[in-house]
Amino acid sequence: MATIDLKGDWSDADVSALLASVKDDREWRLEIDANGIVSLHDMTANPTGDDYDQALHGFFEIWSAGTDFVGKSAAGDKDLVGKIAKAIRENYPKLKGTEKFIYVAL
C-alpha cells in the first residue's frame, strides 16, 4: 500500500497512486499520522477508537466499500484527487480547524 510523506515534495499524482494502491472492497479512511505520513487505514479489519484517533494529526471520513472513493476508478477521477490533495494541503502541517476530522465535500 502506498503512503505519502508530507514533509517532502508530493503532488496530486501521489494522491492518485495512494487511492489506486487499495481495492474498493472494504471500508477505508485516509489518515495523516503525527509524523506527516498519509495512508489509507483498513477500517473493516482494524477499527479505531478515541485513543488511536487522538494520536493522529488528522483523518477523513470513512469511505464504505463500493462507493468509489478508493481504487483505480477513484485514482483516475481528477476532480476527486484534486479535492483530497487540496484538503491535505490545507490541513498540514497545521489543521485548518480545531477538529482532527477533516471534512471534504466530495
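Where is Asp42 found, is Asp42 buried or exposed, and which residues is Asp42 in contact with?

Reply: This is a predicted model.

Asp42 is found in strand 3, which covers residues 37-42. Its relative accessibility is 12%. Buried means under 20%, so Asp42 counts as buried. Now look at what the side chain does. The side chain of Asp42 reaches the backbone nitrogen of Ala45, at 3.2 Å. Set aside the neighbours within four places in sequence, and Asp42 is in contact with Arg26, Glu27 and Trp28.

Take Arg26 from that list. The side chains of Arg26 and Asp42 are joined by a polar contact of 3.1 Å. Arg26 sits in the loop between helix 1 and strand 2, the strand of residues 28-32. Leave out residues within four places in sequence, and the contacts of Arg26 are Asp42, Thr44, Trp63, Ser64 and Ala65. For a sense of distance, take Ala2. Arg26 and Ala2 are 24 residues apart along the chain, and their C-alpha atoms are separated by 17 Å.

Next, step to His41. His41 is also found in strand 3. With 14% relative accessibility, His41 counts as buried. A polar atom of the His41 side chain lies 2.7 Å from the backbone oxygen of Asn46. Not counting residues up to four places away in sequence, His41 touches Glu27, Trp28, Arg29, Glu31, Asn46, Thr48 and Tyr52. Glu27 and Trp28 are among the residues that His41 touches, and Asp42 is in contact with Glu27 and Trp28 too.

Helix 1 covers residues 12-20, and it packs with helix 4, residues 78-90. How are two packed helices described? The description uses the angle between their axes and the distance between the axes. Here the angle is about 110° and the axes are 9 Å apart. The two helices are therefore roughly perpendicular to each other. Their crossing is right-handed. From helix 1, the residues that take part are Asp12, Val15, Ser16 and Leu19. They meet Leu80, Val81, Gly82, Ile84, Ala85, Ile88 and Arg89 of helix 4. By class, this contact has seven nonpolar, two polar and two charged residues.

Go on past helix 4. Asn91 lies in the segment after it. Asn91 is buried, with a relative accessible area of 6%. A polar atom of the Asn91 side chain lies 2.8 Å from the backbone nitrogen of Lys96. Lys96 is also one of the contacts of Asn91 when neighbours within four places in sequence are left aside; the others are His57, Gly97 and Ile102. Asn91 and Ile32 are 59 residues apart in sequence, and 9.4 Å apart in space from C-alpha to C-alpha.

Pro93 lies in the segment after helix 4 as well. The peptide bond from Tyr92 to Pro93 is cis, with omega near 15°.

One last stop is Asp68. Asp68 is found in the loop between strand 4 (58-63) and helix 3 (72-75). Asp68 is not a glycine, yet its phi is positive, at about 70°. With 38% relative accessibility, Asp68 counts as partly exposed.

How values were computed. Residues numbered from 1 in each chain as written. Predicted model: local features only at pLDDT ≥ 70, side-chain atom pairs only at ≥ 80, totals over all residues. Heavy atoms only, no water. Helix = DSSP H or I, 4+ residues; strand = E, 2+ residues; numbered from the N terminus. Buried < 20%, exposed > 50% of the residue type's maximum accessible area, 1.4 Å probe, protein only. Polar contact = N/O pair within 3.5 Å; in protein donor to acceptor, adjacent residues only side chain to side chain. Contact = heavy atoms within 4.5 Å. Axes fitted to C-alpha atoms, helices over the stretch in contact; angles between N-to-C directions. Parallel < 35°, antiparallel > 145°, perpendicular 65-115°, else oblique. Left-handed = near helix turned anticlockwise from the far one by under 90°. Nonpolar A, V, L, I, M, F, W, Y, C, P; charged D, E, K, R; others polar.
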